[in-house]
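Hello,

Here is the structure we talked about handing over. Please have a look, then read my notes below.

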Amino acid sequence: MASSTEGDYQYTPGLHSVSYVTAPDEETAKKLAEGLVKNKLAACVNIIPSIFSVYEWKDEIQKDPEVLMMIKTRTSRLEDLTKFVRDNHPYEVCEVISTPIQHGNLPYLKWLGEIVPDK
């Protein structure tokens, strides 16, 4: 996909990413989100309540209520973001998965880049 331009701002697909992290409850997610934004590892974190996860862990099927964090950041900061989450998350193995942003509202993407510095 080619770059998108609006005014003097040009967006290159994949410059930013969305990361998904599950947490056991809203309080944990809020603490993680605040740390990510405060440390300039994310421009915005949406906390989506009331998801239900079914997964295998240590040879048993687990069924747990969780919350989902949707984290917007620069792709160049994904390693730092992942390290922050791993260091501050209560799970033994926490979920941090990311996908690049290919297209979006250019003023929003410009803002995202202004909030999260490049590595």
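Y108 and W111 sit in helix α3, three residues apart, about one turn of the helix. Helices here are DSSP runs (H or I, at least four residues), and strands are E runs of at least two, both numbered from the N terminus.

This is a predicted model: local features need pLDDT of at least 70, side-chain atom pairs count only at pLDDT 80 or more, and totals for chains, interfaces and linings use all residues. Residues are numbered from 1 along each chain as its sequence is written, and side-chain values use heavy atoms, with hydrogens and water left out.

The count of aromatic pairs is one. Rings of Phe, Tyr and Trp (its six-membered ring) pair if their centres lie within 6.5 Å; planes under 30 degrees apart are stacked, over 60 edge-to-face, the rest tilted. The ring centres of Y108 and W111 are 5.3 Å apart and the planes are at 45°, so this pair is tilted.

Y108 is partly exposed at 30% relative accessibility. W111 is partly exposed too, at 32%. The cut-offs: buried is under 20% relative accessible area, exposed over 50%, partly exposed in between (1.4 Å probe, protein chains only). P107 also belongs to α3, which spans residues 106-115. Its relative accessible area is 40%, so P107 is partly exposed.

Now helix α2, residues 78-88. Its buried residues are L78, L81, F84 and V85. The face turned away carries the exposed residues E79, K83, R86 and D87.

Best wishes
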